[in-house]
Amino acid sequence: MDAIEAERTVSAPHDTRPRPTIGLREAVAVIVGVVIGAGIFKAPSLVAGMSGGATAMFTLWVLGGVVSLIGALCYAELTTSYPHAGGDYHYLHRAYGRSVAFLFGWARFSVITTGSIALLGFVFGDYMQQAVPLTMLPAGWGSTVYAVAVIVGLSALNLRGIRTGTGAQTFLTVAEILGLLLIVGAAALFSDPAPVSATASGAAPAGPASAALGMAMVFVLLTYGGWNEAAYISAEMRGGPRDMVKALTLGIVIITVLYLMVTWAYWKVLGMEGMAASEAVAADVMKVVFGPAGEKIISVLVAVSALTSINATMIVGARTSYAMGLDWKKLDRLAEWDSERGTPTVAMTVQCVAALLLVATGAALGGGFKSMVEFTAPVFWLFFLLTGISLFVLRRREPNAPRPFKVPLYPVLPLLFCASCAYMLWSSLSYVYSQQLGGLNAAWIGVAVLAIGVVLLLLLRSKSDR
């Protein structure tokens, strides 16, 4: 046991720690569930409009899978060398110290994770309200009630234990995959030319799309985002390092294949122009194939995808707060781990309450809340880049640490991963800087999140904390 682990074990408020309880199947289900969300129902139309042709479009989706696989290999080294429920938080702590790790944990708790849970709750509510409207409620309340119900329900499910949570995750992920395959199957059986498409053969949409390839790649990588969340269950894998590597690799391969198949389905039914012009590409495909009933089908499918992502995000998100509790005496309640259930009970409860508060904020602010979460993307990519760099730092600082898996072609692949993170950071900064929210430059949202974190950090350090 190294010095950092020894310090954490001694300072923890109790003896219980995560135990190996998660199998390969459940780990893959968490990865696939986190990644495949509402993005695959929207991003392909944006990518089609920017890519300029079918060949370029499919190449971008393949490239997104390759970049994600490179990143997964880098994370495979970190997760197998330093398995810990804190995931990225733990790597940042080892490489840069607990202050940087705290800022990451704060940003993740305050907006990135809890905000994603709240937004996905609204996505679930919006689509469930279309499929099964709550007509007895005042106008506009249905989506919020659904969001609250799903957050409370899934939090209670995960508080029952990791086996219950991952069991539900496996079921939801299978349902999500079957739903995506339904779209693919519908396209395969569809033979009539789409009435909205003028370029079903794959011709390029009008306009100089080549200049937008970089932005198209941004949307592709955003749709692939989330596979790194596997790091948070690394300490709980029954099969150890080998299964962790398998879970990351299999997860990325499954996601890439599904994305290519679904994009092909959209292209076959709508064509390039139809995809680019569509505001809801999946709904348009199902409407063309199944008629009005297709819209109901896609509403349920998007709701299931949101449900899957919420559950997976809850499982991994609470583990960051748990790791923070191990590091900071004033937060040690967050480090309470129920060994029988295999879950951080206090961290999971606090996460639920925070997400519900953000749901209330979202109901009050509407689009402003959505923007608040989206505009913290530069913060996310900043810490993602730092995690990539931590692989180099830890190799140099701890050369003798056991590394059951080493990323191949070192340092080329880690450099490529860091370069992609840096590009996404630059792209997200460029986008956010050009936006306005409430008359203010939206870039200040990310600055505000980090600034509040710095204030909290100073308050924690001003106490006699360890």
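The model is predicted, with local features requiring pLDDT of at least 70 and side-chain atom pairs counted only at pLDDT 80 or more, while totals for chains, interfaces and linings use all residues. Residues are numbered from 1 along each chain as its sequence is written, and side-chain values use heavy atoms, without hydrogens or water.

Two packed helices are described by the angle between their axes and the distance between the axes. Axes are lines fitted to C-alpha atoms, for helices over the stretch in contact, and angles between N-to-C directions run from 0 to 180 degrees. Helices are DSSP runs (H or I, at least four residues), numbered from the N terminus.

Helix 2 (residues 24-35) packs on helix 12 (residues 293-327) at an angle of about 120°. Their axes are 7 Å apart. That angle makes helix 2 oblique to helix 12 (under 35 degrees is roughly parallel, over 145 roughly antiparallel, 65 to 115 roughly perpendicular, and the rest oblique). The crossing of helix 2 and helix 12 is left-handed. A crossing is left-handed if the near helix is turned anticlockwise from the far one by less than a right angle, and right-handed if clockwise. Helix 2 contributes Val 30, Gly 33 and Val 34 to the contact (heavy atoms within 4.5 Å). Helix 12 contributes Thr 308, Ser 309, Ala 312, Thr 313, Ile 315 and Val 316. By class, this contact of helix 2 with helix 12 holds 5 nonpolar, 4 polar and no charged residues. Here Ala, Val, Leu, Ile, Met, Phe, Trp, Tyr, Cys and Pro count as nonpolar, Asp, Glu, Lys and Arg as charged, and the others, Gly among them, as polar.

Helix 12 also packs with helix 7 (residues 141-159). The angle is about 50°, and the axes are 10 Å apart. Helix 7 and helix 12 are therefore oblique to each other. Their crossing is right-handed. Residues of helix 7 in the contact include Ile 151 and Leu 154, and those of helix 12 include Ile 310 and Met 314. The contact of helix 7 with helix 12 divides into 8 nonpolar, 3 polar and no charged residues.

Helix 4 (residues 54-81) and helix 9 (residues 213-224) cross at roughly 55°, and their axes come within 9 Å. That makes helix 4 oblique to helix 9. Helix 4 passes helix 9 in a right-handed crossing. Among the residues that meet are Trp 61 and Leu 63 in helix 4, and Met 217 and Tyr 224 in helix 9. By class, the contact of helix 4 with helix 9 has 10 nonpolar, 4 polar and no charged residues.

Aromatic rings were examined next. Rings of Phe, Tyr and Trp (its six-membered ring) pair if their centres lie within 6.5 Å; planes under 30 degrees apart are stacked, over 60 edge-to-face, and the rest tilted. The count comes to 20 aromatic pairs. The ring centres of Tyr 75 and Phe 384 are 5.8 Å apart and the planes stand at 55°, so this pair is tilted. Tyr 75 lies in helix 4 and Phe 384 in helix 15 (residues 377-397), so the pair ties together parts that are 309 residues apart in sequence. Tyr 75 counts as buried, at 1% relative accessibility (buried is under 20% relative accessible area, exposed over 50%, partly exposed in between; 1.4 Å probe, protein chains only). Phe 384 is also buried, at 5% relative accessibility.

Phe 384 pairs with Phe 417 too, with ring centres 5.4 Å apart and planes at 90°, so the pair is edge-to-face. Phe 417 lies in helix 16 (residues 412-433), so this pair ties together parts 33 residues apart in sequence. Phe 417 is buried, with a relative accessible area of 3%. One aromatic cluster is formed by Tyr 75, Tyr 91, Trp 227, Phe 380, Trp 381, Phe 384 and Phe 417.

Technical notes. Helix = DSSP H or I, 4+ residues; strand = E, 2+ residues; numbered from the N terminus.
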